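Biologist: I'd like to go through the strands and helices of this model with you. Could we start with how the strands line up?

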Amino acid sequence: MLSFFILQVLFEGNSYVKKVILNRPQKLNCLNHHMVSEMTKKLKAYEIDPGVKVVVLKGNGKAFCAGGDVVELYICTVAGHWSYAASSYKKNLFLDYVVATYGKPVVALIHGIVMGSGAGLSMHAAFKIVTENTAFAMPETSIGHFVDVGASYFLSRLPGFLGEYLGLTGTKIRGPDMVACGLATHFVLSKDLHLLESALDEVTSSDTSKISKVIRIYEHKPDVKQDGVYSRLEIINKCFSRKTAEEILSSLESEAGNRAEKWVLEAIKSMKAASPISLKISLKSIREGRTQSLDQCLARDYNICCHIMRRTVSIDYFEGTRAMILDKENTPPKWEPARLELVSDEMVGRYFSRVDEDDWESLQLPPRSNSVNMRRPKL
């Protein structure tokens, strides 16, 4: 049994370059507790090893990582005390923090699907390399969760109000648009990815300029489509700059009346299908993230997740997971509250407050020498 678990994440490489390979392709490399624990342990060991210069993150199969193992978290919470699931989630957030503040360059080869916890793992790397087959999304509100794992930090730093758009609608964007908006640092054609990986194997220094030079050999100019996410920015800013989720949705509906663009209609459909309370939590979190550090954003994520796991206000996460992932019903989840206007500011505020449990402690992340630096958009 132990060998099976070890195979879910592989650790390879030479004395200078270490590779952390997500190896759960049948589950789209979704992160479970064991994988998070093993990666954290290995990354901490590589960081203090003077021989190791670079760490490469990648996933086997057609996904880099499609998120966290929602079913594992659900079963853990339903079968036991909510704090068990919260403890597992805390380790996930700590792993993201380790990657973001790593003392050596981390190169994420983001090929295929990257969502949720996969984004939390890769978006905090120093080098984020995508291909034409990369597909990024944060679809948490569709299952009654919220945009987490530091997303309030990296989404809020995108151009204009693009972060709110991606977070509230769960819209999928491709590699070229990821580079254009600053979610990724480099674009490489998928056919050249193995060549780049082989070239990275020859790196013997932690000098980021030398690593950049190696990557640039294989970098390709991304083909940013005229109908891509960047072409929508003017309308996105107009709609998603509104103060409340209700006003955002109303603004989108007004735009749909003026111009029946497919992406506007899809945004409306997604928001109407999502958990109302999840939309409001996510919007508030992204807005707060604009002026906060990564460690503050991660601490808030933990706070909100604890309230979700203990059902402080709503059971939407459990209803959404049951309907969308476990039962896969044709009928939509029964959200409670069912409409945006029924979700009060007081309800939302409780998710951002301290958990009222005697033994509960907020997430305390240790100071680390390396600072977090989000790459700005290239276009």
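Predicted model: local features only at pLDDT ≥ 70, side-chain atom pairs only at ≥ 80, totals over all residues.

Biologist: Which way do strand S6 and strand S8 pair, and over how many bridges?

Modeller: Strand S6 (residues 113-115) and strand S8 (residues 135-137) pair in the parallel sense, over 3 bridges. Both belong to an open sheet of 4 strands, in the order S4-S6-S8-S9, whose pairing is mixed.

Biologist: And which strands stand at the edges there?

Modeller: Those are strand S4 (63-65) and strand S9 (173-174), each of which has a single partner strand, so one side of each is left without a neighbour in the sheet.

Biologist: What about the sheet of 6 strands, what order does that have?

Modeller: That open sheet runs S1-S2-S3-S5-S7-S10, again with mixed pairing. Strand S7 (residues 127-130) runs parallel to S10 and is joined to S10 by 2 bridges, with Val 130 standing opposite Phe 187 in S10.

Biologist: Which helix packs on that sheet?

Modeller: Helix H9 (residues 193-200) does, touching strand S2 (17-22), strand S3 (54-59), strand S5 (106-110) and S7, and the direction of H9 makes about 165° with that of S5.

Biologist: Switching to helices, how do H3 and H16 cross?

Modeller: The axes of helix H3 (residues 70-79) and helix H16 (residues 316-326) come within 11 Å and cross at roughly 130°, which means that H3 is oblique to H16. The crossing is left-handed.

Biologist: What residue classes make up that contact?

Modeller: The contact of H3 with H16 has 9 nonpolar, 2 polar and 1 charged residues; among the residues that meet are Val 70 and Tyr 74 in H3, and Phe 318 and Arg 322 in H16.

How values were computed. Residues numbered from 1 in each chain as written. Heavy atoms only, no water. Axes fitted to C-alpha atoms, helices over the stretch in contact; angles between N-to-C directions. Parallel < 35°, antiparallel > 145°, perpendicular 65-115°, else oblique. Left-handed = near helix turned anticlockwise from the far one by under 90°. Contact = heavy atoms within 4.5 Å. Nonpolar A, V, L, I, M, F, W, Y, C, P; charged D, E, K, R; others polar. Pairing = 2+ DSSP bridges.
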